[in-house]
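Dear colleague,

I am handing over the structure we spoke about. Please look it over; my notes follow below.

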Amino acid sequence: MKVALLGSGNIGTDLMYKLLQSDTLQLVAMIGIDETSEGLRRAAEAGVQTYHNGIDALVANPDMAQLIFDATSAQTHREHAPILQSLQKRVIDLTPAALGPFVCPAVSSKEVYNEPSVNMMTCGGQATIPIIAAIGAVTPVSYAEIVATIASRSAGPGTRANIDEFTVTTKKGIEEVGGAAVGKAIILLNPAEPPIFMRNTVYCELDREVDAKVVVAAIHDVVERVQRYVPGYRLRQEPLFDENRVTILLEVEGAGHYFPPYAGNLDIMTAAATMVGEQMARVQGGKHYESSHHAY
């Protein structure tokens, strides 16, 4: 499937490197708005066609790609969405605009890959919602709270501009995809030097006390599923139980394709988006849905 990438910033540039490694997706263009951006320069060096006139490039060349990855910002995607819909493009939105159904490759049902437009929620959502969904599969979760702590250096202008959307969209994802009755999301930017890996705390209140071994087994199973596309995703220690409450501590180390390894928050988004694109391509091509994935 031919794909194009909107956005030549940090996330778009890292996503470019992952798309270039795919044997299912063919990246034909990176579209930005700054002719001098490092992303467009790197894309040109990699042999990818570049444009610096924004979405107008796609309007002028509507047949360039079937699937569009939008790695701009929530506000910009809201402007792009009706244009992309009018062009009848399939869309994977990496911003927290939350206009389409949420998707998380480790736990979403295969039906979501038939949707014309999907939303990747947030980095914190991609890291923590699989854990909440796994727990919810064995016992109801009445409340789930996540705290995503990322290196300040990994938060570019787009990430900082989307802080408000992060909390709202992640909360919705916790409830709609994670299955918690009530969700809450917090993000912290840590200025420590050297920069820390992304760390996530997941706190769940369960409707009743359950066998801890069953919950732990479900958590380990979903961690292995996420590791198929984000090898640096891991538990920092075994889950902690206190009556009907469980706390899980996670860490995400990036693959280092474009970002340094400490930027696991950005890496998990681009790795998950690539996997979603590959699954959408397989579904459209009539191939059997695959839940496993090679490690980038």
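How many disulfides does a search of the whole structure find? The search finds 0. Please bear in mind that this is a predicted model.

Cysteines

Cys123 takes part in no disulfide: its nearest cysteine sulfur belongs to Cys104 and lies 12 Å away. The cut-off for a disulfide is a sulfur pair within 2.5 Å. Cys123 is buried, at a relative accessible area of 11%. Cys204 is likewise in no disulfide. For Cys204 the nearest cysteine sulfur is again that of Cys104, here 14 Å away. Cys204 has a relative accessibility of 0% and counts as buried.

Aromatic pairs

There are 3 aromatic pairs in the structure. One of them joins Tyr143 and Tyr203 in an edge-to-face arrangement, with 6.4 Å from centre to centre and 70° between the planes. Tyr143 belongs to strand E7 (residues 141-151) and Tyr203 to strand E9 (residues 198-206), so this pair ties together parts that are 60 residues apart in sequence.

Phe259 is buried, with a relative accessible area of 8%. Tyr258 and Phe259 are also linked with Tyr17 through ring pairs, and the three form a cluster.

Domains and their interface

The domain assignment divides the protein chain into domain 1 (2-95) and domain 2 (123-270). Taken over C-alpha atoms, the centres of domain 1 and domain 2 are 27 Å apart. Domain 1 brings 14 residues to the contact and domain 2 brings 10 residues.

How much area is buried between domain 1 and domain 2? The figure is about 1200 Å², and carbon and sulfur atoms give 61% of it. On the domain 1 side, Asn10, Asp14 and Lys18 lose the most area to domain 2; together they make up 40% of what that side buries.

The interface of domain 1 and domain 2 is also crossed by 2 salt bridges. Separately, a salt bridge is found between Arg78 and Glu165, whose closest N and O atoms are 3.9 Å apart. That pair falls inside the cut-off, which is within 4 Å.

Regards

Technical notes
Residues numbered from 1 in each chain as written. Predicted model: local features only at pLDDT ≥ 70, side-chain atom pairs only at ≥ 80, totals over all residues. Heavy atoms only, no water. Buried < 20%, exposed > 50% of the residue type's maximum accessible area, 1.4 Å probe, protein only. Phe/Tyr/Trp six-rings, centres within 6.5 Å; stacked < 30°, edge-to-face > 60°. Helix = DSSP H or I, 4+ residues; strand = E, 2+ residues; numbered from the N terminus. Domains from an automatic or database assignment. Contact = heavy atoms within 4.5 Å. Buried area = accessible area lost by both parts, 1.4 Å probe. Salt bridge = Lys/Arg side-chain N within 4 Å of Asp/Glu carboxyl O.
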